[in-house]
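Hi there,

Here is the structure I promised to pass on to you. Could you open it beside this message and follow along as I go through what turned up?

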Amino acid sequence: MSLKVLSVASEAVPLVKTGGLADVAGALPAALASHGVEVTTLLPGYPAVLAAMGMAIRRQRPAYVWDSLLGAPARLLTGTLDGAQPLLVLDAPSLYARDGAPYTDGAGRDWADNWRRFAALGRAAADIAGGAFSKRGKPQGFDVLHAHDWQAAMAAAYVRYAPFSQQRVASVVTIHNMAFQGWHGPEIFGQLGLPAAAWALDGVEYHGGVGMLKAGMSSADAVTTVSPTYAREIRSAHFGMGLEGLIVARGNAVHGILNGIDAHVWNPATDREIAQRYSHRTLDKRRHNKRALEVEFGLDEDDGPLFIAVTRLTWQKGMDVLPEVLDHLVGLGGRLVLLGAGDAAIERELLKGASRHPGRVAVRMGYDEGLSHRMQAGGDAILIPSRFEPCGLTQLYGLAYGCIPVVARTGGLADTVIDANPAALAADCATGVQFDGVHYDAVAAAITRTMQLYAQPAVWSQMQKNAMRADFSWKASGKAYAQLYAELTA
Ligand code: ADP
């Protein structure tokens, strides 16, 4: 009999995405299917999710109804994530039926009731995993509840402190980014529907309030994060951001499992978003994509290196350093195209930089999935100067597309990119450039080194081939999650 896992997240492709979490939550079900694990995904019923499910849902008989889910009427609808994988949608209009983004209003401010919106998601997940609904007379409980990030982490606390039934449900919490912890004031505790015992140092209490990620981390049977290096890094104060003590205390219950990439979505040989498809055997064809990108961004046409960046514009991503290094990059004959959105001050500096270097630097503010594919297919190198990076996906897409990653040596970036040092070049296994520290000198030196490698066409194309042949599919990571689930339910 296959293992049944309920994966609960606040976003999942192809229905709703603000970052890498959605890519991972969307890819897990297919990644685990070949390991005998049946993953059902639970998502909040945002307008976009309900719209994607179509008109039929209006007539659907709910799989379960809550008169009051932390005060909100809610019902459970069923569908598919991408036409195949089973999906459950928590339809609670007072919580989720709003214009704006999943976590913020139209002006970019966090919704004031995010604690209720996501505690309700956790409560619903715990109920469902515990067997809240039946199909053809059979309760549909789950063996494992897998919660992603603070928005889902309360699920593990509910399973521990206020389970729906006596049925044993193993719980896993995955940290996709320790910087987002979901802390809320103590006044919400009374509304969470948890017993007083949950207000404890090893429970939900955190710095005098409720720490939702912390609650999940201390309650789950296993805690995972998305790369081995980040799993080590978060044992220190700098990366643990207050939760390092808990990570250390959880000891062997903490695992680092790298994210994979969805090869159906990110494969230059089949990608419908790009001008010219190619593989590592037909690297020459990439130049059509480079020309198309130059035209799309209004850049000068030339054969010099074209850097790209596709990113949230935040301090984490080191994007405050990028405007400073533009002059250096352009001075050496490089060009840069950037796609991003985020911090207004960083946006301003980048726009200023672009206007200083017409034809050499172009930026596009906003979120554009198709363009992100065209950039990976046409760029020569992708710059990722993150100060911390739990796993990172854009370097994996860069590797798959032969767009050489130039990365800070941290977290998943350190685990997935092989620096073109003399040993790696001699062994023909280099796939990118790594540097230490995120500041002007380090990033500028990495750009210089990348340019020097680019100026040696044989070396560069070998690196591209190595990169494209590296396997960061879900094969190994799917197996690692399947093993973890099996251990927890043995
Ligand atoms: P994070 O989740 O911290 O933002 P990741 O590298 O793990 O970083 O994942 C980011 C994901 O979001 C990738 O799929 C990347 O291509 C995508 N992305 C980021 N910014 C943009 C943007 N402005 N337009 C399109 N896609 C973007």
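To begin with the rings: those of Phe, Tyr and Trp (its six-membered ring) are taken as a pair if their centres lie within 6.5 Å. With that in mind, Tyr 64, Trp 66 and Phe 164 form one aromatic cluster. Please remember throughout that this is a predicted model.

**Aromatic pairs**

The structure holds 11 aromatic pairs. One of them joins Tyr 64 to Phe 164, with 6.3 Å from centre to centre and 85° between the planes, an edge-to-face arrangement. Tyr 64 belongs to strand β3, while Phe 164 sits in the loop between α6 (149–161) and β9 (170–175), so this pair ties together parts that are 100 residues apart in sequence. Both partners are partly exposed: Tyr 64 has a relative accessibility of 22%, and Phe 164 has 35%.

Another pair is made by Tyr 103 and Phe 118. Their ring centres are 5.8 Å apart and the planes stand at 55°, so the pair counts as tilted. This pair also links distant parts of the chain, 15 residues apart: Tyr 103 is in the loop between α4 (93–96) and α5 (114–129), and Phe 118 is in helix α5. Here both residues are buried, Tyr 103 at 15% relative accessibility and Phe 118 at 0%.

**Charges over rings**

Two arginines are worth a look here. Arg 98 places its charged end over the ring of Trp 111, at 4.8 Å from the ring centre. Arg 364 has its charged end over the ring of Phe 297, again with 4.8 Å to the centre.

**Backbone points to check**

Most residues other than glycine have a negative phi, and most peptide bonds are trans.

- Pro 14 lies in the loop that runs between β1 (3–8) and α1 (20–33).
- Leu 70: phi is near 50°, a positive value in a residue other than glycine. Leu 70 is in the loop between β3 (64–69) and β4 (72–80), and is buried, with a relative accessible area of 11%.
- Asp 428: phi is near 60°, also positive in a residue other than glycine. The loop between α17 (422–426) and β20 (433–435) holds Asp 428, which is partly exposed at 45% relative accessible area.

**Cysteines**

How many disulfides does a search of the whole structure find? The count is zero. Take Cys 391, which is in no disulfide: the nearest cysteine sulfur belongs to Cys 403 and is 17 Å away. The cut-off for a disulfide is a pair of cysteine sulfur atoms within 2.5 Å. Both of these cysteines are buried, Cys 391 with a relative accessible area of 2% and Cys 403 with 0%.

**A helix crossing**

Two packed helices are described by the angle between their axes and the distance between the axes. For α6 and helix α7 (residues 212–219), the axes come within 7 Å and cross at roughly 45°. The two helices are therefore oblique to each other. Is the crossing of α6 and α7 left-handed or right-handed? The crossing is left-handed.

Helix α7 itself is mostly covered, with eight of its eight residues buried. The buried residues are Met 212, Leu 213, Lys 214, Ala 215, Gly 216, Met 217, Ser 218 and Ser 219. You will see that a lysine, Lys 214, is among them.

That is the tour from my side. Happy browsing, and do write back with whatever you make of it.

Best wishes

Terms used. Residues numbered from 1 in each chain as written. Predicted model: local features only at pLDDT ≥ 70, side-chain atom pairs only at ≥ 80, totals over all residues. Heavy atoms only, no water. Helix = DSSP H or I, 4+ residues; strand = E, 2+ residues; numbered from the N terminus. Buried < 20%, exposed > 50% of the residue type's maximum accessible area, 1.4 Å probe, protein only. Phe/Tyr/Trp six-rings, centres within 6.5 Å; stacked < 30°, edge-to-face > 60°. Lys NZ or Arg CZ within 6 Å of the ring centre and 35° of its normal. Axes fitted to C-alpha atoms, helices over the stretch in contact; angles between N-to-C directions. Parallel < 35°, antiparallel > 145°, perpendicular 65-115°, else oblique. Left-handed = near helix turned anticlockwise from the far one by under 90°.
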